[in-house]
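Please read the following briefing alongside the sequence and the 3D view. It goes through selected local features, grouped by topic.

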Amino acid sequence: MEKDIGPMTNSPLTPGIAPARLPAATYAANFADHTPPLDRHEARVAADRCYFCHDAPCITACPTAIDIPLFIRQIATGTPEAAATTIWSQNILGGMCARVCPTETLCEAACVREAAEGKPVEIGLLQRHATDVAMARGLHPFTRAAPTGKRVAVVGAGPAGLACAHRLALYGHDVVVLERRPKAGGLNEYGIASYKTTGGFAQAEVEWLLQIGGIEIRCGVELGRDVTLDQLRSDYAAVFLGIGLAGVNALRAAGEDLPGVRDAVDFIAELRQIPDLATLPVGRDVVVIGGGMTAVDAAVQSKLLGAENVTIVYRRGPERMSASRYEQDHAVQAGVRIIHNAAPLRVLGEGRVSAVEFGYTSDGPAGMTLLPETFTLKADQVFKAIGQTLTYAPEAAMVQSGKLVGPMRNVWVGGDCAAGGEDLTVTAVAEGRDAAEAIHVALTAG
Amino acid sequence: MANLSSDFIGIKSPNPFWLASAPPTDKKYNVERAFQAGWGGVVWKTLGAEGPPVVNVNGPRYGAVWGADRRLLGLNNIELITDRPLEVNLREIKEVKRKWRDRAMVISLMVPCDEDSWKDILHRIEDTEADGVELNFGCPHGMAERGMGSAVGQVPEYIEMVTAWVKKHSRMPCIVKLTPNITNILGPAEAAKRGGADAVSLINTINSITSVNLDSFSPEPMIDGKGTHGGYCGPAVKPIAMNMVAEIARGADTRGLPISGIGGITTWRDAAEFMALGAGNVQVCTAAMTYGFKIVEEMISGLSQYLDDKQISLNDLIGRAVPNVTDWQYLNLNYVAKAQIDQDLCIKCGRCYAACEDTSHQAIAMKPGRVFEVMDDECVACNLCVNVCPVEECITMVPMAKGSIDPRTGVKVGDYANWTTHPNNPGFAAE
């Protein structure tokens, strides 16, 4: 980072980008489990609220179609282990999804008690309860089928790749997972706010998932750099690409290369890996540009690291933000200011960023227009969070609108890199799982 | 505010809510707390004959059945009659009655089935100034094995005999408490009436095992690995109790016999229902044991409001539903209703659909957007959809107008006609 790590006497008022803005103990409190798990009693009370709907709308709303009424009934009747099996049968990363899913826009939005009372059944928390209980008991309720002798390459050990690998291994195929980063997990490990997945859960879940057997993970291997798609095609019976979106969109505003301007995803990744949060420098005046979950995660965590002023600036209105209402509220409660309808014009600064100039926007049916009015926000750190892009470019036929499409010549795709579906962990899991099903059919046909 | 003053067989109380003979009325301390809370009267927990008191188990006495959110729906117990010395109970009864003159004080009794025992206990309680006695012919556990409680209540001849002894040796109003652990409640009720009872009270508790511990394989409540049947009470038994109350209220030989209604009464509404079915007053136990004595405040305010809203007196309420309790054979077979779903209230859970499609008449259509609609040409108006719907008033049964055509049968909705004159009735056709 830009600033040297000085003595631990900084405060939120220390100018520039500085570490140790807070007393040591405050970090632990700030980054503790954001939504603590339900204990057994709380889970029973929450489970009792489920109506066990017919063809339940929550199932339809879940990208992985978990049988939610069934698993809640299993919790209600004292068998959270059976509940976890129900969850994992559809979503092998059900533990992580329980933590990071925007349930307020998925299952819980569809819950009939949301319609009835504005208070949905706490599906996410119940899912976490079941999977936590079962994982704590060391349960992995799946047994690998007899080896088929078929080898499949999975590129990317993120949610899509892991879900794909587990399902393939379950069917007895041998899976080699290639991962460019030092650890498996993808955004579960390198993205996502730390307080959503505490206690090293991402790695614990990977370890747990690998209990199925038949999966080998090779870290530090990058597609395009260390291996080509053609090599994989010739070496393996099938290939799955779950490579995510490694690039970050540019602001296309003057001065965005000034020191102090950084990709939010890099900041979050560094935060997730740093052993001591007090050593992670953060600005006094932080500006986050963007309107998605990454923007919120970067902004809230900046605040939690001791930044004095954190502002999210989004070019459209609150209803257009891809961060859910719940996430926006969470940011505001954490002390983050959200400014809507403003787009960056210039990043200002002599030698390093000192402010960002924005222009107000108007978003109407005819599209977004820039208004003449402008304003300037003081900033010693700017995070860019206006979306990620595909960096790997395979043959042109596989790319549509900047995303991969498949299957094509024995290559399947899934997760954020794939066209279609929202860029959510749970969607990635669904796509990885479904690709595995398709691969299995292809490998066993004829 | 409606006047809730109650006169039940000459026993006056400021309201018709009494506490039933049970743990809440075992001693002065509890009863005084109950009176402070506003209860109209108590039936003191059953006294036994003089001598060493009975003993209770020293492990769990209660078992339970819960609904959602662990709401207590049913409770059973294996507690016996009072385990305190007779003279202590008598002294306390007298003290409480003197202090609380306006409240009803009835003493529950259970002694061996011989005239001298009853004569003796009646003689002993005379001095307490209690307002009446209730004969406990109901308890199904423990005492029944010793020839008391439901062992008496299950033999109408004994009921009549003991009741007659009581009337012979006491001038006190006599209420006979009936056990539901019989096949027809009318037998015991008629016997009580023949014996001279001033009233019956019912129901006592029902033989039950509430649950089985699946680790120790013992019934609950478990005492050192074993369990026994206990007496079941609470909201779960209310329907059983109300049927028995209604049977007595409309019975040819029991009609007019005052009834003190007991069985799962938890709210003013439950009490009003019992009274509409013929109960002159009600007795409460489980609700108080679940929530404490304070619930009587809701019972008082709720019943008052109801009577005011209806502009009727308490006496007008008593028995008001009895003429509408009939036998199945007299139900109007030409009454045709159809379920109707209020789409504005519907929360789209689909439980009506699952219930109807899987277990009933396939009369609800599930349309795109989770719109659930009743198909009148299939609906038999069974009411299951109403019963499983989580939203009150969302599904209602709408009667068809006379003269309209039932789309299910193609038959015109006609005048009243019942089974007794139905062509399919072999008894009728034979004539």
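In which loop of chain B is B:Pro221 found? B:Pro221 is found in the loop between β13 (218-220) and β14 (230-233) of chain B, where helices (H or I, at least four residues) and strands (E, at least two) are DSSP runs numbered from the N terminus. This is a predicted model, in which local features need pLDDT of at least 70 and side-chain atom pairs count only at pLDDT 80 or more, while totals for chains, interfaces and linings use all residues. Residues are numbered from 1 along each chain as its sequence is written, chains are lettered from A and ligands numbered from 1 in the order in which they are written, and side-chain values use heavy atoms, with hydrogens and water left out.

**Backbone features**

- Most residues other than glycine have a negative phi, and most peptide bonds are trans.
- The peptide bond from B:Glu220 to B:Pro221 is cis, with omega near -5°.
- In chain A, a cis peptide bond joins A:Gly406 and A:Pro407, with omega about -5°, and A:Pro407 has its place in the loop between β18 (403-404) and β19 (411-413).
- A:Ser401, in the loop between β17 (399-400) and β18 of chain A, has a positive phi near 50° although the residue is not glycine; at 80% relative accessibility A:Ser401 counts as exposed, on a scale where buried means under 20% relative accessible area, exposed over 50% and partly exposed in between (1.4 Å probe, protein chains only).
- B:Gln311, in the loop between α10 (295-310) and α11 (314-317) of chain B, is another non-glycine residue with a positive phi, near 55°, and B:Gln311 is exposed, with a relative accessible area of 72%.

**Helix packing in chain A**

- Two packed helices are described by the angle between their axes and the distance between the axes.
- The axes of helix α14 (residues 264-273) and helix α15 (residues 293-304) of chain A come within 9 Å and cross at roughly 55°, the axes being lines fitted to C-alpha atoms, for helices over the stretch in contact, with angles running from 0 to 180 degrees between N-to-C directions.
- On the α14(A) side, A:Ala264, A:Val265, A:Phe267, A:Ile268 and A:Leu271 meet A:Thr294, A:Asp297, A:Ala298, A:Gln301 and A:Ser302 of α15(A), contact meaning heavy atoms within 4.5 Å.
- The residues of this contact divide into 6 nonpolar, 3 polar and 1 charged, where Ala, Val, Leu, Ile, Met, Phe, Trp, Tyr, Cys and Pro count as nonpolar, Asp, Glu, Lys and Arg as charged, and the others, Gly among them, as polar.

**Salt bridges**

- A search of the whole structure finds 53 salt bridges over all chains, each being a side-chain nitrogen of Lys or Arg within 4 Å of a carboxyl oxygen of Asp or Glu.
- B:Lys28 forms a salt bridge with B:Glu95, the closest N and O atoms being 2.9 Å apart; this pair links distant parts of the chain, with B:Lys28 in helix α1 (residues 28-37) and B:Glu95 in helix α2 (residues 86-99) of chain B, 67 residues apart.
- B:Lys28 counts as partly exposed at 27% relative accessibility, and B:Glu95 is partly exposed with a relative accessible area of 33%.
- B:Lys94 and B:Asp127 meet through their side chains in a salt bridge (2.9 Å, N to O); B:Lys94 lies in helix α2 and B:Asp127 in the loop between α3 (115-125) and β8 (132-136) of chain B, so the pair ties together parts that are 33 residues apart in sequence.

**Buried residues in chain B**

- B:Gln283, in strand β16 (residues 279-284) of chain B, counts as buried at 1% relative accessibility; leaving aside neighbours within four places in sequence, B:Gln283 is in contact with residues including B:Trp18, B:Glu134, B:Ser201 and B:Ile265.
- B:Thr25, in the loop between β3 (17-19) and α1 of chain B, counts as buried at 0% relative accessibility; outside four places in sequence, the residues in contact with B:Thr25 include B:Val31, B:Val42 and B:Trp44.
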